[in-house]
Amino acid sequence: DGPNVEQLAQQLPAGFILGVATAAFQIEGSLDVDGRGPSSWDAFAEKPGAISDGGSAAVACDHYNRSGEDIALMRELGVDSYRFSLSWPRIQPDGKGAVNEQGLDFYDRLVDKLLAAGISPMVTLFHWDTPLALEHDGGWLSRATAERFGDYASLVAARLGDRVAQWVTLNEPVSVSLQGYGLGVHAPGRQLLFDALPAVHHQLLGHGLAVQALRAAGALGRIGVANMHAPVSPAGTGYRDGLMAATFDLLVNRIFADPLLTGSYPTPPLLVRPWFKVLGNASDEDMRLIHQPLDFYGVNYYYPVRIAAGGGTHSTPAGDSEMMAKLPFHLVPFPEYGVTGFGWPVAPEHLGLMLRALKDRYGEALPPVVITESGASFPEPARVSGTLRDQERIDYLAGHLGHVLAATGPAGIARDVQLLGFYVWTLLDNFEWAAGYSQRFGLVHVDFETLQRTPKESFHWYRSLSRARRNRGHAQAG
Ligand code: GBH
C-alpha cells in the first residue's frame, strides 16, 4: 500500500501542482456541432471492429455541453490545474485556413471559467485527433501537416496566449506513429511498421514549429511536450533480447526524447540501423527546429515493459494485433506485479527509476519535469452504501505519487530532477480510444446512458490530499 494522505501532503514541495488531465476526443462529444470538422479518429472509430466494444465518441461524456458541471467537480476536487486538449478540427475544420470562431470560442470560455474557478489551465494542442482533411493528404506522413500545425498553434496563441499558464504541444507522439501508422490499432489505422517513422519526424517538426509560434505570439505560459516513457528491460540475458530491448527503447522513448532534448536522433545498434534510416537522414536544420528550449518536460507514465526477441501474438499493453506478430520483438508479462483492468503491470517504483534514468541520460538537458499523466483503469466499482469503491485506484495513485515524491525528494534517487507537478489521468470515465467505454480510468464515474457523474472514492481521496496540503500551507503561512 502507498503512503497515507497526511504523509503525501507533507512530501509535496512548495508550489507543487496537483492536477487532472483529459483529452478532447475522449470527453467532448458534439462532433458535428458548431462547425467542427471531422478528425482522423471520427473516421477510424466508424470502421467495423476498430473499437473493441463498438463504442462511439459521438456523445462521450457530453463535456461540450457540460463543461460547467465538470469544472464544478474540479473545484470540489481542489486541484490547482486542469490539463485538457483542444480539438484542432473544432478550431480549423479542414486543418488549415480561417478559424472556426465558434470552436475557438468554446475553449476561450472554458479557459475563462477555469480561471474564475481558481484552476490553472494546461492546454495540449494535439492529443491525436488530426483534422481528417489533412489525414487524407497523408496526415503526419506528410511534412505539410507539421507546417499546418505551426499555423494552428499561432491561431490558438493569438486568442488564448494571455491566459494559459502551461502549454503542451504534442501528447505521446509514439501512440500516433506506432499505434496509428505502424500497427493500425489507432487512427488512422495504417499498418506501415517501420515505414511509419516519417510520422515521428513530422510530429517533432510540428512541435518545433508550434513552440516557435507560441513564443512569437507572446504566449505567456510555460511551454513543454508530453511523452510517454516506458522503462524497458530485456526478458533474458541473451544478446537478441538485449538488442530488441534497445530497439524498443529507441522506438518508444528515445527517438522522441533525444531530438527534443539534445537535437539529434539516437544512433541505433548497427544490426537494426537500417530500420531507422529515414530518421538518420534528417537535415541539421530540421534538428535545430525540433530542439527548442523547453520550460518543462512532460512525462506520461503507465508501465514498464520487458522485451524478448521474436514477434508476439499474445495480448500486450499496446493491444492485440496480428501486426504485433510482424514486429521483431514482443512484450513479456511481469509475474511479480499486479495488473490494471487493461492488464498493464502496476509498478510504481519504476516511475522513480525512470526519472533517474532520464537524468542520467540527459543531464543538464533535462528541463524540470511534470508528470502529465498517471492513472489506471479498473472494472466498474462496487456500490457500497452509496459510495463507489475503487480502492485499487487509490492504492495505484498513492503508490505512484508517493514513489515519485520520494524519488525526487531531498534523499531520493532522483533528487537532482526538479518535479513541478502531477496530473491524474483522468477526471472522468471516458472514451478510451480503441477500447471504447470498456476501460474506466476516471476519478469520477460516468453512467454513459444518463451521463450522470458520480465521484468515486478515489475522487474523495484526491480531494483530501489537496485539502491536507492546503491546510498545511495555511498553517505554514500563519
Ligand atoms: C495515454 O496513453 C493517453 O494519453 C490517454 O489518452 C489514454 O486515455 C491513457 O493513456 C490510457 O490509455 O505499449 O509500449 O508499445 C497511454 C497508453 C501508451 C498505450 C503508449 C500504448 C504504446 C507504446 N499508451 N502505448 S507500447
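UniProt positions are given here in the numbering used for this structure, with shortened feature names, and its annotations may be inferred rather than shown by experiment. Under "binding site", the unreviewed UniProt entry lists Gln26, His127, Asn171, Tyr302, Trp425, Glu432 and Trp433.

Before you select anything, note that this is a predicted model, in which local features need pLDDT of at least 70 and side-chain atom pairs count only at pLDDT 80 or more, while totals for chains, interfaces and linings use all residues. Residues are numbered from 1 along each chain as its sequence is written, and side-chain values use heavy atoms, with hydrogens and water left out.

Start with the ligand, which 19 residues surround, each having a heavy atom within 4 Å of it; the closest are Gln26, His127, Tyr303, Glu432 and Trp433.

Next, select tryptophan 433, in the loop between strand S13 (419-425) and strand S14 (444-446), where strands are DSSP runs (E, at least two residues) numbered from the N terminus. A polar atom of the tryptophan 433 side chain lies 2.9 Å from an oxygen atom of the ligand, and the side chain also makes a polar contact with that of glutamine 26 at 3.2 Å, a polar contact being a pair of N or O atoms within 3.5 Å where, within protein, one must be able to donate a hydrogen and the other to accept it, and residues adjacent in sequence count only if both atoms are side-chain atoms.

Finally, select histidine 127, which is buried at a relative accessible area of 2%, buried meaning under 20% (1.4 Å probe, protein chains only).

Definitions and conventions: Buried < 20%, exposed > 50% of the residue type's maximum accessible area, 1.4 Å probe, protein only. Helix = DSSP H or I, 4+ residues; strand = E, 2+ residues; numbered from the N terminus.
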